[in-house]
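Please look over the sequence and the model before reading on.

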Amino acid sequence: VKDAGYCMVPTFKDNRGDDKDTTEHAIGYVAYYNEQIMEEGKKVPLLFCFHGGGDSAMCMTSVSGWYRVANKYNFLLISVEHHMNSTATEMQTVLAHLIKKYPVDTEQIYSTGFSMGGCKSWDMFQEYPKVFAGVAPMSATFEVGCNVFGQEVGPFNHDTIVPTFYVGGEVTPLPELPFQAQKCIDRVRYVFEVNDVIADYPVKLEEKDTWANPIYGIDGDTVCKIADPSRNSVLTLNLFESKNGCCYTIFGSVDNQSHEVRHHSCENAWKFLRQFRRLPDGTIVGGAFEDIKKLYEA
């Protein structure tokens, strides 16, 4: 099923989009789901999907193949239209609307996005960590503490673990990965701190010619390489263990990929995200390191 909808939301003061001078505005979306999951009387996982700048909700799901992943794994995919006109706070109103409209499992709410949509998912990590059971930003980051408008957000997440799957293209001309820009190094270090990763991240951009890992500076505790025969490329995933024995953090890259998003990366992101639940008290559950390894070593 492909179901278009919208809801009206109050315009918050941090909005820098086209609707910044309004008191309220509409946020549209396209929902994708298998019809039978709405008829079984069960709660369903929800994944927000945010498109790149200048793109659209339907184009994002089509090009990325996220609709195919939703079809295969039976979850509710919500692709938000023109999300650059909305803030992370305004998206919480959209979420409340969706929970009333669909049988959403509030312990299984996730966020993903490409390019500017990836930055929007970082907003969720920073501003609403206790809402999301995991995020999968792709191919983008702003400086830590800044939102999708490039504005400082004030107090932001420093102590709530958010399972994170990040991937970027190795031959992109844009700053997506640590070997390309300081802000990418800072983002990795920030996620390590929040997710209580065992490993340190003492990576310095000026020393990249001597990095053990030419993309991220260091290898993960486990490194998995997954071939994508459809594009003659390889997705390399660095899995990092946290101090409690779980894997909340995966940083990856794809060779032979520029600034783009691919179905192969999306499906592997969902395999990770679906392992986690956010309990009502804010606790994150799931993701034992050995279990996450098995997802990709197979």
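In which sense, parallel or antiparallel, do β1 and β2 run, and how many bridges join them? The two strands run antiparallel and are joined by 9 bridges. The model discussed here is a predicted one.

## The sheet

The pairing of β1 with β2 belongs to an open sheet of 10 strands with mixed pairing, in the order β1-β2-β4-β3-β5-β6-β7-β10-β9-β8. Because β1 and β8 (222-228) each have a single partner strand, they stand at the edges, and one side of each is left without a neighbour in the sheet. On average, neighbouring strands are turned by 20° against each other, direction ignored.

Strands of a sheet pair through backbone hydrogen bonds, either parallel or antiparallel.

## Strand β5 and its neighbours

β5 runs parallel to β3, and 6 bridges join the two. Here F50 stands opposite G113 in β5. β5 also pairs in the parallel sense with β6 (residues 134-138), over 5 bridges, and S111 stands opposite V135 in β6. Of the 11 residues of β5, 10 are buried, and the strand is thus mostly covered.

Helix α5 lies across β7 (164-169), β9 (233-240) and β10 (249-254), and runs at about 155° to β10.

α5 also meets α4: their axes come within 12 Å and cross at roughly 35°, and the crossing is left-handed. On the α4 side the contact is made by W122, F125 and Q126, and on the α5 side by R187, Y190, V191 and V194. By class, these comprise 5 nonpolar, 1 polar and 1 charged residues.

## The nonpolar cores

The largest nonpolar core has 46 residues, of which L46, F48, L76, I78 and Y102 touch the most other members. Elements giving two or more residues to this core include β1 (2-10), β2 (24-32), β3 (44-50), β4 (76-80) and β5 (104-114), as well as the helices α3 (88-101), α4 (116-127) and α5 (182-194). The greatest contribution, 6 residues, comes from α5.

Leaving aside residues up to four places away in sequence, Y102 touches D3, Y29, A31, Y33, M38, L76 and I78.

Notes. Residues numbered from 1 in each chain as written. Predicted model: local features only at pLDDT ≥ 70, side-chain atom pairs only at ≥ 80, totals over all residues. Heavy atoms only, no water. Core = buried A, V, L, I, M, F, W, Y, C linked by side-chain atoms within 4.5 Å. Buried < 20%, exposed > 50% of the residue type's maximum accessible area, 1.4 Å probe, protein only. Helix = DSSP H or I, 4+ residues; strand = E, 2+ residues; numbered from the N terminus. Contact = heavy atoms within 4.5 Å. Axes fitted to C-alpha atoms, helices over the stretch in contact; angles between N-to-C directions. Left-handed = near helix turned anticlockwise from the far one by under 90°. Nonpolar A, V, L, I, M, F, W, Y, C, P; charged D, E, K, R; others polar. Pairing = 2+ DSSP bridges.
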